[in-house]
Amino acid sequence: MYHNILLSILGAWLFLAGPARASNERVMTVKTTVDGMVCSFCAQGLVTHFKKHPAVSNVHVDLTRKLVILEEKKGATIKDEEITEFIKKSGFEPKKVERVTDAFEKVKADKKS
């Protein structure tokens, strides 16, 4: 009887721990809509700053779609407040921060906002 209870608990733990661990290690892509960016010089300052952030592995600025796209490192997160605060300090207006599970390259290549 004790053996069956122990096996049930172990099975439940393995079932629940697997997906939770996988979601913590998932790489997220962060899309931020920004007003006011009009030239590549504007974009370069944002790219340089976000590339230095320890939670960010890749950065792209799409001037046409007015998007700053960040790829978080596996198991790391950059806070929405950090993103919007720096964009504001740079003289731009952040509108929306959205996290998606789509790969960075897919979001970068997507021509829709």
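The structure is a predicted model, so local features were kept only at pLDDT of at least 70 and side-chain atom pairs only at pLDDT 80 or more, while totals for chains, interfaces and linings use all residues. Residues are numbered from 1 along each chain as its sequence is written, and side-chain values use heavy atoms, with hydrogens and water left out.

Start with the sheet. Four strands make up an open sheet in the order β2-β3-β1-β4, with antiparallel pairing. Helices (H or I, at least four residues) and strands (E, at least two) are DSSP runs numbered from the N terminus, and two strands count as paired if DSSP finds at least two bridges between them. The edges are taken by β2 and β4 (93-100), each with a single partner strand, so one side of each has no neighbour in the sheet. From one strand to the next, the twist averages 15°; axes here are lines fitted to C-alpha atoms (for helices, over the stretch in contact), and angles run from 0 to 180 degrees between N-to-C directions.

Strands β2 (residues 56-62) and β3 (residues 67-72) run antiparallel and are joined by six bridges. Valine 59 sits opposite leucine 70 of β3. Their hairpin has four residues between the strands, and there lysine 66 adopts a positive phi near 55°. On to β1 (residues 29-35), which pairs with β3 over five bridges, again in the antiparallel sense; threonine 33 has leucine 67 of β3 as its bridge partner.

Now the helices. Helix α2 lies across β2 and β3, at about 170° to β2, whereas α3 lies across β1, β3 and β4, at about 150° to β4. The axes of α2 (residues 40-52) and α3 (residues 80-89) come within 11 Å and cross at roughly 145°. Contact (heavy atoms within 4.5 Å) is made by Gly45, Leu46, His49 and Phe50 of α2 with Ile83, Phe86 and Ile87 of α3.

What about aromatic pairs? Rings of Phe, Tyr and Trp (its six-membered ring) pair if their centres lie within 6.5 Å, with planes under 30 degrees apart called stacked, over 60 edge-to-face and the rest tilted. That rule gives one aromatic pair. The ring centres of phenylalanine 50 and phenylalanine 86 are 5.6 Å apart and the planes stand at 80°, so this pair is edge-to-face. Because phenylalanine 50 belongs to α2 and phenylalanine 86 to α3, the pair ties together parts 36 residues apart in sequence. Phenylalanine 50 counts as buried, at 1% relative accessibility (buried is under 20% relative accessible area, exposed over 50%, partly exposed in between, with a 1.4 Å probe and protein chains only).
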